[in-house]
Every structure is written in C-alpha cells, then in structure tokens.
Amino acid sequence: MADIAAVPLTPTSPPHGTLARAERFVWLTARVLEQRLFAHHFRDGAAGPVETALEAYRNADGGYGHALEPALRGPASLPAHTARALHVLDSVARCDARRAEDVCRYLTSVSTTEGALTAIRPEAALPAVRPAGSGDAAVRLPGALSATAPVVGLLHRNEVWHPWLFRATDFCWQAVESLDAARPGDVVAAVLFLDHAPDRARAEAAAERLGHVVRRERLVVLDPDAPGARPAASTAPGSVPGHTPGDRRFPHDYARTPDSLARAWFTDAETERSLDVLAAGQQADGGWPARRLPGAPEPAPAALLEARPIATIEALRTLAAYGRSLA
C-alpha cells in the first residue's frame with residue numbers, strides 16, 4: 001500500500017474525523033470511478049469525470065460489465081452492473097433520457113416476457129459462458145424483484161419513459177404487493193421502487209403494508225445492543241477482512257434517506273440508534289465493510305477491495321442525508 005504521506009488529502013476536515021479518515025481510505029484503495037464519486041459528493045468535484053470513468057464499463061449492447069459491480073467479474077453486461085451504472089448516473093444527476101436510451105435497449109434484450117430482470121448468475125459474465133452483448137442466457141431465468149425494482153425505481157425517479165418500463169413496472173407492482181414472508185434484499189429493492197413509483201397513493205399503501213411485514217417477520221434489527229445484533233467484519237478462518245457476513249438489516253438499510261417511505265416504519269429513537277450503528281461501522285482503516293451481494297459468491301480479495309469504497313461512500317451519504325456530522 002502507498003505511503004499515507006503521498007496521498008493527496010484535502011485539509012478541510014479534522015485529520016482524524018470521519019470524512020478525513022474515509023478520504024484516506026478512498027484514495028488508497030478505490031478505483032478511479034469511486035475516487036471521482038467521492039470527490040463529487042464531498043469535495044465539490046464535477047460530474048463529468050464521474051461519467052468519463054463510468055464509460056469504461058459500458059459495452060456495445062448498451063449494458064455495463066467489466067466488474068462494475070465488483071462481486072461479478074468478467075466483461076459481459078449483466079443487470080446488476082447496469083443497476084450500479086444507473087445508481088452512479090443518478091447520484092451525479094446525469095441519468096437523463098438520452099443516456100438511458102441505450103440502457104433500456106439492453107434491458108429489453110435481457111428481460112423476461114413479463115419485462116422482469118433476472119437473478120444474478122455470476123458465471124454468465126465470463127466470456128466462455130456468455131460473450132459480451134449476448135442476452136440469451138438471461139431470458140431463460142425467472143424474473144427477480146431484487147434485480148428489477150432498483151432499475152425501475154431509478155428510471156422513474158429520473159422521469160425516463162421507455163416501452164420496456166411499462167412491463168417492468170407492472171411486474172414490480174405485482175411482486176411488491178404480494179411480498180409476505182420476504183427476504184431483506186427483496187424489501188430493500190421494493191423500497192427503491194416504491195420511493196419513486198409514479199402512482200404515489202398506491203406506493204404509500206404498499207409501503208405501509210410492507211413495513212408491517214418487516215416488523216412482523218423481524219427483518220430488521222431494532223435493538224443494536226442485543227447479542228449478535230451489530231454487524232462486524234468476519235474474522236473466521238479463511239474469511240476476507242472487511243466483509244460483513246449474513247444479512248442483518250437496520251432501519252438505515254431500508255430508509256437510506258429521511259424522505260424514503262421506509263422512514264415511517266421506524267420511530268425516531270430506532271432510527272437514531274440505527275445511525276449510531278452505521279457511524280460506528282467505520283473501521284480502523286477509514287472504510288466501511290462491504291455487504292455480500294445477494295446471489296454472488298464469496299468475494300475474492302480483489303473484489304472486496306473494490307466493493308469497500310462503494311460501501312464507504314454510501315455510508316457517508318446516508319449519514320449526511322440524516323444530518324449527521326462527518327467531522
């Protein structure tokens with residue numbers, strides 16, 4: 001690792017504050033894309049360099065690959081990579097109709113007949129199994145809410161309309177409104193859809209019902225002091241440092257911002273305790289642990305190294321959205 005003295009830190013935060021420690025971590029470990037994202041969100045960096053860095057992951061079919069989602073290696077376009085790309089574009093206010101046109105063309109080519117995107121198949125990204133630009137392997141798999149809802153939600157948030165989006169929206173409504181004994185990852189995806197679905201009355205009703213499911217099924221940790229409640233990087237033999245095992249979810253994992261519909265699921269005290277847990281999750285090196293991508297294999301060290309800056313930037317953005325000091 002490079003010597004810390006050589007890292008170009010910006011002297012605008014206390015040297016041992018949350019943001020300064022995270023900045024050191026990002027400059028020492030992150031890809032160019034995440035370095036540009038950090039600069040944009042926290043150091044008044046422009047959006048253009050983020051777009052330029054993201055372009056390197058785009059394929060001719062309109063999708064994204066090349067391990068943009070670090071857990072999925074290989075060059076081929078996959079829905080999870082494309083969801084990550086849309087999230088990046090949205091975060092820098094560059095997810096407009098012009099940029100989304102090619103993405104929607106790709107999504108159309110890999111969706112099911114009902115317009116849904118498919119669950120993760122890590123091996124499909126490898127050239128020997130699925131060449132870049134080929135969507136045939138994906139359409140044979142069932143649609144998944146966890147893959148479809150985040151993409152649809154982001155496109156609606158940015159007022160993008162495309163023929164594929166109508167079918168995909170119908171799929172999301174049906175899947176969200178039938179969720180009962182849900183998995184946490186499905187709930188997170190459902191919230192991303194409901195927060196931006198055009199039919200606000202329907203979204204609010206669906207979110208209220210889903211909140212009852214989350215609490216009834218105990219899909220959220222409300223008492224961080226209970227034994228085994230707090231997330232911790234795995235230290236078991238053979239584990240990779242910096243990886244959060246399991247699928248524990250806290251209120252902030254569902255309500256990433258105060259204006260999310262999921263915020264109403266939790267009391268002020270529950271939310272504040274959750275944010276305390278998030279803030280305390282910053283590790284000694286300044287970064288946050290990465291959560292395992294559902295359906296993806298145990299991350300290799302290189303994939304984890306690329307995933308942790310993403311988790312770090314998202315943690316900082318959530319804390320900032322709730323008004324927590326990053327000093």
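1. A quick word on terms before the pockets: on a 1 Å grid over the protein atoms alone, a pocket is an open set of points with protein on both sides within 12 Å along at least five of seven lines, whereas a cavity is a set where a 1.4 Å probe fits but cannot get out. Lining residues have an atom within 4 Å of a point. Points are joined across faces, edges and corners, and a volume is the space filled by probe spheres set on them. With that in hand, the second largest pocket comes out at about 210 Å³.

2. Some ground rules. This is a predicted model, with local features needing pLDDT of at least 70 and side-chain atom pairs counting only at pLDDT 80 or more, while totals for chains, interfaces and linings use all residues. Residues are numbered from 1 along each chain as its sequence is written, and side-chain values use heavy atoms, with hydrogens and water left out.

3. Back to that second largest pocket. Its lining is made by Glu51, Leu54, Glu55, Arg58, Gly62, Tyr64, Leu89, Arg98, Arg99, Asp102 and Val103. Two elements give two or more residues to it, α3 (48–55) and α5 (97–110); helices here are DSSP runs (H or I, at least four residues), numbered from the N terminus. The biggest contribution is from α5, with four residues. By class the lining has six charged, four nonpolar and one polar residue, where Asp, Glu, Lys and Arg count as charged, Ala, Val, Leu, Ile, Met, Phe, Trp, Tyr, Cys and Pro as nonpolar, and the others, Gly among them, as polar.

4. Around it sit Glu34, Leu37, His41, Arg84, His87, Val88, Ser91, Ile310, Ile313, Glu314 and Arg317. Helices α2 (32–42), α4 (79–91) and α13 (301–321) each supply at least two of the lining residues. The classes split into four nonpolar, three polar and four charged.

5. Two of those lining residues also pair up. Arg317 forms a salt bridge with Glu314, with the closest N and O atoms 3.9 Å apart; a salt bridge needs a side-chain nitrogen of Lys or Arg within 4 Å of a carboxyl oxygen of Asp or Glu. Both residues lie in α13, three residues apart, or about one turn of the helix. In general, an α-helix has 3.6 residues a turn, so residues three or four places apart point the same way. Arg317 is partly exposed at 28% relative accessible area (buried is under 20%, exposed over 50%, partly exposed in between, with a 1.4 Å probe and protein chains only).

6. After α2 comes Asp44, with a positive phi near 60°.

7. The salt bridges number 24 in the structure. In one of them, the side chains of Arg157 and Asp90 meet at 2.7 Å, N to O. Arg157 lies in α7 (residues 145–157) and Asp90 in α4, so this pair ties together parts that are 67 residues apart in sequence. Arg157 is partly exposed, at 45% relative accessible area, while Asp90 is buried, at 14%. Another bridge joins Glu217 and Arg216 at 3.0 Å; here Glu217 is partly exposed at 34%, and Arg216 is partly exposed at 49%.

8. On to the inside. The largest nonpolar core has 80 residues, and those with the most contacts inside it are Leu155, Leu194, Tyr254 and Trp265. Such a core is a set of buried Ala, Val, Leu, Ile, Met, Phe, Trp, Tyr and Cys residues joined through side-chain atoms within 4.5 Å. Its largest share, eight residues, comes from α8 (residues 163–177). Beyond neighbours within four places in sequence, Leu194 has contacts (heavy atoms within 4.5 Å) that include Trp173, Val176, Leu210 and Leu261.

9. Most residues other than glycine have a negative phi. His66, however, has a positive phi near 60°, and Ala67 has a positive phi of about 65°. His66 is partly exposed at 36% relative accessibility, whereas Ala67 is buried at 6%.
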